[in-house]
Amino acid sequence: MEVLTGAGVSPGAGYGPAYLLRADVPEPAAGSRHGGDPVGEVARVEAAVERVAADLEERGETAGGEARDVLGAQALMARDPALASEVADLIAAGTSGERAVYEAFMRYRDTLAQAAGYLAERVADLDDVRDRVIAELLGLPSPGLPGDASEPYVLVARDLAPADTALLTKEVVAAFVTEQGGPTSHTAIIARALGVPAVVACAGATIIVNGTPVLVDGTTGMVALVPSEEEVSAALRSARDRESVLTSATGPGATADGHPVALLANVGGPGDLADAVSRGAEGVGLYRTEFLFLDRGQGPSEEEQEAAYREVLEAFPGRPVVVRVLDSGADKPLGFLPPTAEQPNPALGERGIRVFRTFTDVMVGQLRALARAAEGTEARLQVMAPMVATAAEARWFADACRAAGLPSAGVMIEIPAAALRAGELAAEADFFSIGTNDLAQYAFAADRQLGALTEFQDPWQPVLLDLVAMTAAADVPCGVCGEAGSDPAMACVLVGLGVDSLSMGAPALPWVRAALARHTLAQCRAAATAARAATTAEEARAAAREHLPGLADLAL
Ligand code: PEP
Ligand code: MG
C-alpha cells in the first residue's frame, strides 16, 4: 500500500475509486493536418461541439440553480458561431480538427484575458470547454466530474474552484484530495460544508491514476492507495464509532460547568440551511453573501437579495443571524465589483469593505435589502463588514447600517491592525467576529491559497492566539467565524481566550459541541494559557491537549 500525506482539513474516512478532475488534455501538435476532407473534418468537429454543449446543458439541468447558469453559459461558448467559423477557416487551410479547435479557442482566450473583470474571469470556463471538445475529438475521457459514477468517488485535483464544486453532493463524493490548497482554501470550506472528508496540500496527488482505490483519512491527512480490505473496514468502522459518540451531545453549546458558548453555522446561501438546522446550529454566525453571486457579471437586484436573505432569516426565528456584506476581491472576486486599477497583490488590494469606497451604492443597496428582508421575521439580524482595518472604517460602516435602519453593526477582525487596536474599534462596533483565515494570512504575510505556505495557516500559531486574545479582551461580544473554530481542540482554546461564540461549517458542530461539553471553562483557560506560552504551532497544540483530556473520548 502506497501512502501519500497532506493536511487533513475535514474529518472522517472516505473510500472509493480515484477520479482525477481535469485530467490534462494534451495540446494537439502544432502543424498537424487532416486527411484531405475539409468538409468531413468540419462535420466531425461540429458533431463533437454539439455533444459537449448538450452534455453541459444536461448537467446544468440536473444540478439546477446557479450551476445551471454556469454550465449553460459554457454551452453557449461551445456553440459560439464566431468560433465555429474560425475553426472552419483553419480546417479549410488544412489544419486538423483538434488543432483548429485549439487555435481558435486560444485566439478567443487572448481577447477575453485582456478584458477586465467578469470577462477575464471566464477564461477558465473557456479552457474547460476547449478541453472537452478536444477530448471528444481524440476519444479521451472528458475533463470534469463524471456524470454517471456508479459509486461515490474520491475526487483528486490540483485544486478546486467554486464552479468545479457546484454539482457535488455527499452522495457522489467519498472524499477530496488536492495537491494545492490549505485549511482555509475553497476545497476545505466546501468539504466541511458537505461533510466530506478532505486532505489538501497533498504532494503527488495528481499522479494518482484514475480508478485507483483510495482510502482518505481527513483527520490525519493520510491518503492510502490500494489499501487492503481490512484497512478499509477498520478506518470506516472507527469513523462510524466517532460519529456515534458525537450524536450523543445535543442542545446549546456550553462547557462542562455550564459556561454558554453559542454554536452557530457558517452558510453560503439557503442551500446550507437544512444541514445547519439538523445539526443544532443556534443561529448563523457568518452568512457569506458573496457566495450567492460569484458567477454574476451584473449585480443582483435588491429584490433578489431580499428574497435570499429572508430565507436564511426565517430558518432561525428568535436566533442571531450574522450576515456579512459582500466580501469581494482576492480569493472571492465578484465580476460586478471590479477593482479600480490593476492589483498586483489582490489580497492586499481593494477587497472587502475597501471595495465599497468605490461601490458605496452597492453596499447601501445591500443594507437596504437586508433591512427589508428582516421586516416581519423574528430572527435577530446582525450585519458585519469584512476586512476592516481601522476604527474610522468601523464607524463609516456602522453609520451606514444605522442609516439603513439596521440595529446591530459589527466588524470582522481579520487584519492584525484591527486586532492590535481592538479597543478603538469596539467603541464603534456592536460586535466582533474574528476571521482567523484572513487574520493568519495577514499576520504571516502568507497567501492562504498557496499549498506551499500551509503551515502559516495553522491557527495554532501562538501569535495568532495572541491576536485573538487581544480582540476578545475588548468590550464587545466577540465570536470566531474562521475555520479555526471548527477544530474541537482549538474551539476549547478559543473559549479559554475569551471568545463568546463559535461559527463553523455545520458538520463540525457536533464535534465542537462534544469537545466543549467534556471540559470546564477553567480547563479551556488553562489550555489557552499553555498554548500561548508555546513558541511553535506543534508545541501549542501539544501543550493545550495536556489540559483537554476529554478529547481522547472523541478519538481526536
Ligand atoms: C476568515 O477570513 O476567517 C473568514 C471567515 O472569512 P473568509 O474565509 O470568507 O474570507
Ligand atoms: Mg475573511
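**View 1. Helices α13 and α14 cross at roughly 50°.** In this predicted model, the axes of helix α13 (residues 360-374) and helix α14 (residues 391-403) come within 9 Å. Axes are lines fitted to C-alpha atoms, for helices over the stretch in contact, and angles run from 0 to 180 degrees between N-to-C directions. Helices (H or I, at least four residues) and strands (E, at least two) are DSSP runs, numbered from the N terminus. The angle makes α13 oblique to α14. Angles under 35 degrees count as roughly parallel, over 145 as roughly antiparallel, 65 to 115 as roughly perpendicular, and the rest as oblique. α13 passes α14 in a right-handed crossing. A crossing is right-handed if the near helix is turned clockwise from the far one by less than a right angle, and left-handed if anticlockwise.

**View 2. Helices α21 and α22 pack at an angle of about 155°.** α21 spans residues 521-533 and α22 spans residues 537-546. Their axes lie 8 Å apart. The two helices are therefore roughly antiparallel to each other. Their crossing is right-handed.

**View 3. Helix α17 packs against helix α18 (residues 462-472).** The angle is about 120°, and the axes are 10 Å apart. That makes α17 oblique to α18. α17 passes α18 in a right-handed crossing.

**View 4. The shell around ligand 1 draws on β10 and α17.** β10 (284-288) and α17 (436-443) each supply at least two of its residues. α17 gives the largest share, three residues. By type, the shell divides into three nonpolar, four polar and eight charged residues. Ala, Val, Leu, Ile, Met, Phe, Trp, Tyr, Cys and Pro count as nonpolar, Asp, Glu, Lys and Arg as charged, and the others, Gly among them, as polar.

**View 5. Arg-288, Arg-324, Lys-332, Asn-437 and Arg-448 come nearest to ligand 1, of the 15 residues around it.** A residue is near if one of its heavy atoms lies within 4 Å. A polar side-chain atom of Arg-324 lies 2.8 Å from a ligand 1 oxygen. For Lys-332, a side-chain N or O atom is 2.8 Å from an oxygen atom of ligand 1. Asn-437 instead uses a polar backbone atom, 2.8 Å from a ligand 1 oxygen. The protein covers 100% of the 290 Å² of accessible area that ligand 1 has on its own (Shrake-Rupley method, 1.4 Å probe).

**Notes.** Residues are numbered from 1 along each chain as its sequence is written, and chains are lettered from A and ligands numbered from 1 in the order written. Local features need pLDDT of at least 70, side-chain atom pairs count only at pLDDT 80 or more, totals for chains, interfaces and linings use all residues, and side-chain values use heavy atoms, leaving out hydrogens and water.

Methods. A polar contact is a pair of N or O atoms within 3.5 Å; within protein, one must be able to donate a hydrogen and the other to accept it, and residues adjacent in sequence count only if both atoms are side-chain atoms.
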